[in-house]
Structure formats: C-alpha cells, structure tokens
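Student: Could you take me on a close look at one part of this model, the open sheet, and then show me what lies around it?

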Amino acid sequence: MILFLLACTGDASTADAATLEDCTATVADDVPAFFATYFACTDISMEGESVVLATESLPPYATYYYGSGHDMYAEWDDQGGTTTPNPNVIAALTVRVVVPAEPVAKGLDITADLVDYQMSTSGEEYLPGPVGVAPDSVANFNATALTGDDIFEEELTFDQWDAHPTQTGEYHHHGANRGTLEALDFLGVDETVYGILCDGTVLLGCDELDGSALDVDTLDAQDGHVGDIVDLDGTVHFTGRYHAHVCSDYNGFGLYPEIQYYDACDSGPTLQ
Ligand SMILES: [Zn+2]
Ligand SMILES: [Zn+2]
C-alpha cells in the first residue's frame, strides 16, 4: 500500500479528458427520450430493447484528481476545511451499463436491516464498481464501503463535484452530487435526475421528476418506491418504475441505493 501511494503521488492522469462543451458522444436516434435528454458526454445506443450506456467516466470538469500537470487539473477545494484528497489519480475506463426495458422486480421488502452501507453483507446488493451512469458521464457506484471502511468517512475525500477515484483510478459518485447538477444545467433541463442503474432503477432528486412533492411515508430504507416517472412537460418516461430519491432529507442520507430491486444487472467492469 505504501509503495503504491509513493508511486502515484504527483503523477498526472494520462486520460484525454474534455469539458462539457467539448466532449463528444454518440446518441442513437432510437434511444428513449429519457436517455437522450438527461445524459451528457455518454455514448448511448440500443441493444434489442435494452439501452446501452458507454463512458470512460472522465469528469467533464476540472478536478484535483486529474493530477497536477493535467490540463483539467484544479487545486484541491477543501470545502471549508472538511475534506482531504485520497492519493489516487483518474484513469480512463471502459464502463458499459445495459439498462433493461422491462426490469423484473425481485419482490424484496427493502428494510433497514438490508441497508447497512457495507459491501458484501447481502446477496441482494449491487456489485462493487460501476453499476450505473450519471448525467455527467461519471460512473455511479452503490452506497457501500469495503469491509472495515465507512462510506461516511470516504465522503470526506470527495472533490467539489462529490466524487473520487478508486486506487485504480475509477472516478465515481456514491450519491447526490454537484457534477450531475453541472451537467443538467449545461444540458438546459430543469428536472433533477442522478441517472440510472444497471437493473433499471432510476435515480431522482428530492422531488419527483416533474417537481411535485412525494409522500415520504412510502419510501423504503434506501428512499426507493414505485411510481410513474413523468417530466415537467408531462412526458411519461417510465410507468410503475422503482426509483430512489437521492436526498439527504430522507432515510438514505443522500446516497444511492445499496440493494438491487430488480433481478438483473449487466454492467462493468466489476471491481474485486
Ligand atoms: Zn468511492
Ligand atoms: Zn418517487
């Protein structure tokens, strides 16, 4: 571990990153409007009825985690003295998330005993690694930390976009984040959505997609519930879809889901 830290400290990322203005991505004509509307810098295509999101998870904004010397490096923002960086540097990934058109619920009752923020404590968890994509093209990880680690302490290494890289450079979000808000602002949309996960679970903000308030009593232990997902224009993007409200006001502290509601997840690469 110590050797690794010494080897990496001070090295700039070799990733060829681009800003929101300059990034290039291909969105196929036949992808559903939800995907064409709310994602920047992400290649999106169809595979049968499923939607494939492909990204290198390179943040389209300046961050300390590109490393000093990279042209998208920024000084560390300690956010009032609360955060310190981890020693890792961003690397380009090959993230691929396949979202099923008709996800099948496992029939779980997601109660507090299932949601413990610890990795590999339940067979119902999302796997470690990229299990979704955010509107800023950054990988979404679940809300767990490695055994012995604490996700709430790991948050103290988040940059000003609320993300950080793993030891192998996989830059990712675990919950509500300013990188997504920056991308949504760039895209010119007024809704809040933090993306989607591999099993079909949609990630919204504190309100429903159309801005209406929700009945907090219907939320499970990770702030999920089932309902139609309708935007401000009245377009119904999903019917009867499980979605989580990523919001620090509720049960889940603004983190993403830990438990996979639907039965299939096709995403990668998987971290060991
Ligand atoms: Zn993390
Ligand atoms: Zn809802």
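**The open sheet and its surroundings**

Tutor: Happy to! Four strands form an open sheet in the order β1-β2-β3-β12, with antiparallel pairing. Strands here are DSSP runs of E with at least two residues, helices are runs of H or I with at least four, and both are numbered from the N terminus; two strands pair if DSSP finds at least two bridges between them. The edges are β1 (43-47) and β12 (266-268), each of which pairs on one side only. On average, neighbouring strands of this sheet are turned by 20° against each other, direction ignored; the axes are lines fitted to C-alpha atoms, with angles from 0 to 180 degrees between N-to-C directions.

A word on the source: this is a predicted model, in which local features need pLDDT of at least 70 and side-chain atom pairs count only at pLDDT 80 or more, while totals for chains, interfaces and linings use all residues. Residues are numbered from 1 along each chain as its sequence is written, and chains are lettered from A and ligands numbered from 1 in the order in which they are written.

Strand β3 (residues 95-99) pairs with β12 in the antiparallel sense over three bridges, and arginine 96 has glycine 268 of β12 as its bridge partner. In general, most peptide bonds are trans, and most residues other than glycine have a negative phi.

Serine 57, in the loop between β2 and β3, has phi near 55°. Serine 57 is buried, because 28 other C-beta atoms lie within 10 Å; buried means 20 or more such atoms, exposed 12 or fewer and partly exposed in between, with C-beta atoms placed from the backbone. Phenylalanine 253, in the loop between β11 and β12, has a positive phi of about 60°, and is partly exposed, with 18 other C-beta atoms within 10 Å.

Finally, the nonpolar core, a set of buried Ala, Val, Leu, Ile, Met, Phe, Trp, Tyr and Cys residues joined through C-beta atoms within 7 Å. The largest one has 52 residues, and those with the most contacts inside it are Ile90, Val133, Leu203 and Val246. Among the elements giving two or more residues to this core are β2 (50-55) and β3 of our sheet, though β8 gives the most, with four residues.
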